[in-house]
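This briefing looks at how two protein chains meet in one model. Please keep the sequence and the structure in view while reading.

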Amino acid sequence: MATKKLRRAKLSQELCERLSRYQITTCQDFLCLSLLELMKVTGESYRNVQKLLRKVSLACAPKMQTAYEMKVRRSINPSAAFLPTSLHSLDKVLHGGIPCGSLTELTSPPGCGKTQFCITMSVLATLPVSMGGLDGAVIYIDTESAFSAERLIEIAGNRFPTYFDSDEKLFCMTRSIHLYRELTCDSVLKRIKSLEEEIISKKIKLIIIDSVASVVRKEFDTKLQGNLAERSNFLARGASLLKYVAEEFSIPVILTNQITTSLSNGLAIPADLVSPAHDLSLSEGASGSGKKESACVTAALGNTWSHSVNTRLILQYHDLLTRQIVIAKSPVAPFSTFFYTVEKSGLVLQDGKNLSNLPWEGTNPALQTIQVRNTALGNALLKTTDETPGDTPSP
Amino acid sequence: MQRDVGSLPLSPALRARLLAAGFQTAQELLETGPCGLSKEIGISREEALEALQVVRQECAGDAAKTAGGSGSTRKCTALELLEEEQTQGFIITFCSALDNILGGGVQLTKITEICGAPGVGKTQLCMQLAVDVQIPECFGGVAGEAVFIDTEGSFMVDRAADIATACVRHCQLIAEAHQEEDHLQALETFSLESILSHIYYFRCRDYIELLAQVYLLPDFLSEHSKVRLVVIDGIAFPFRHDFEDLSLRTRLLNGLAQQLIIIANDHKSAVVLTNQMTTRFGQNQSMLVPALGESWGHAATVRLIFHWDNTQRLATLYKSPSQKESTIPYNITDKGDQNHSWYSRDLQIPALTSGLPRCAASTCHPKCRRY
């Protein structure tokens, strides 16, 4: 909209020519000038310039809709509003599943099950609507080369054995998952820009980027000056492009993120004491004096990124076998946790130990601490030696 | 009438010609007439007529101003302002503690800014306000409509519908307790459909669309004169990326702030903006501060900061011309922002305490400003 040429904003031909002599060709250039500058450039009186501003604004401004119209549109097509994850308790709390038209982020320490979750969602998106899928193709942008086609077939075969009973159906499903391997930030951004055309031509119903953090952290070293701003710029641009695509086509977008260590008293640690991927995000000083350096593990990519995503799910370790899904940020769901394990058929919820109906007290999604394997292992070892039913390790 | 030609809002080329021809005051122009003007300057008669009409309008405006009539500037005594302020309505938030620290609720004709970390409840409060502005007057509301400008895409219709349903139910409870004619009458038109149809939603994808929309807002508000609330959810998001020229950003933001102040005053509506938090690196520490820089802090009249204290959400009144700085705890339930109690302005039931101690401004200063 910003790059709309003034010609298309219904300004007269001679006015457009006159403006182009001052290098003002798009609506963006026009609206960024002050009234006096516009008067000088167009040679019109004050009132006429205001009329012109209104004309150009009409060309750029979004259309109005009332909330009621939006609701009616949604209720006509309720199944298109969510992609159920087939983890029933999770879907119930999320009011249906992964929401369409917004960004969902999945954060976890390595090896917790992010890629497994993404592979499962790809299978689900290809299923017909009657089975809870979206009956469409999937774009999977893989930056870590972690996608395994064999695992895809294993999950599909074990999770829906009655549906995928023939090789034919499996091949049909795998044909609709389009995999792109991108290894640099630039190529990821280029790929995101090209998404609009691909979605229309291939009838895409789900976009997965696994993972955003790995390319960003490879290229932007926050130790170096200026890199933090560049990184935020890249992330914000990517986020707004993805949001545009998600809303325009009403499809879900799943992104995965990594973890980082954040030091709680907020001291800017000199770079050599800290790993290159250190994120100087702040968390509440637990102790009054604030002098103790209690490090905690949180989602990476900083504060601005936490603002950009609409839903944040955290996967973390609980003990040696079970893990937890935490809903850390969601506009429709309260904080909740669910236990799960990773099996042949993908992620399976442990309904017995479920705390799903109790809203769990959460905290700032940007600073939500995440349990990594070491803590879980440590606690597990303690448990076996003490022989006490250990209390749930505080997150 | 003695107004200098150089100060008239004519096009610059015409102004230059008039000055070159020796015209000095507006009086001279009016005396010459369109035909004489066109011959002397060398412009067409229609152009001359247009210029004279502009001059005449300007002079009429000036005369009205000097005579003390209603021009574009308002003049009144502080007593008149006091009477106006006292009869003005507030938009309640249904969280009694929040309303208390704000002095009754979100004020009309003022800009309120809500800053906060991600996921703390800014959009929830905006949706709550968009519903609460529509509460009929007999229940203590302002009976207005709402404009919701969304830049981040976080407006969820289902959630707004939940909040609206809870609000309608609350009003029904009050009506049952009171059994008054006007209450029941008002309830007939106050339903889920009517609430949602009076929330005008605009989705702006970048800062140009936002600027364009704000330029068009005065016309829209003149057409929909019942609008009493303009929400811009996410004023920071479109301005935080793709801006190499920071001085342009400051200029655009200042222009935006001025236009919003004019809109708030002329149309007697409240303007609510939400802002993000950003990390600022100091000498030995980093703090979370509201985004968009220091100069943006001057734009809003009232500033609320939402933040976390472990697992409790807190709201701090950071800047206000009339209320004291304080912090209160609040929660988000499935009915919207609440403070553990329902309360009604008609029934004058004092709010129950929330169980957590309210921190006094003096002790919470160092903690609330730096996180």
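In this predicted model, the bridge partner of A:Gln65 is B:Tyr201, which lies in strand 5 of chain B. That pairing belongs to an antiparallel arrangement in which strand 1 of chain A and strand 5 of chain B, residues 199-203, are joined by three bridges.

**Extent of the interface**

- Contacts between the two chains involve 63 residues of chain A and 68 residues of chain B.
- The area that chain A and chain B bury between them comes to about 5700 Å², and 61% of it falls on carbon and sulfur atoms.

**Polar and charged interactions**

- Four salt bridges are counted between chain A and chain B.
- A salt bridge links A:Glu247 with B:Arg205, where the closest N and O atoms are 3.0 Å apart.
- Between chain A and chain B, 14 residue pairs are in polar contact, with both residues at pLDDT 80 or more.

**Chain A's side of the interface**

- The elements of chain A that give two or more residues to the side touching chain B are helix 2 (27-31), helix 3 (35-42), helix 4 (46-60), strand 1 (64-66), helix 5 (67-76), helix 13 (227-249) and helix 14 (302-308).
- Helix 13 of chain A gives the most to this side, with nine residues.
- Sorted by class, the side of chain A that touches chain B has 28 nonpolar, 20 polar and 15 charged residues.

Terms used. Residues are numbered from 1 along each chain as its sequence is written. Chains are lettered from A and ligands numbered from 1 in the order in which they are written. This is a predicted model: local features need pLDDT of at least 70, side-chain atom pairs count only at pLDDT 80 or more; totals for chains, interfaces and linings use all residues. Side-chain values use heavy atoms; hydrogens and water are left out. Contact means heavy atoms within 4.5 Å. Buried area is the accessible area (1.4 Å probe) that two parts lose on being put together, summed over both. A salt bridge is a side-chain nitrogen of Lys or Arg within 4 Å of a carboxyl oxygen of Asp or Glu. A polar contact is a pair of N or O atoms within 3.5 Å; within protein, one must be able to donate a hydrogen and the other to accept it, and residues adjacent in sequence count only if both atoms are side-chain atoms. Helices (H or I, at least four residues) and strands (E, at least two) are DSSP runs, numbered from the N terminus. Ala, Val, Leu, Ile, Met, Phe, Trp, Tyr, Cys and Pro count as nonpolar, Asp, Glu, Lys and Arg as charged, and the others, Gly among them, as polar. Two strands pair if DSSP finds at least two bridges between them.
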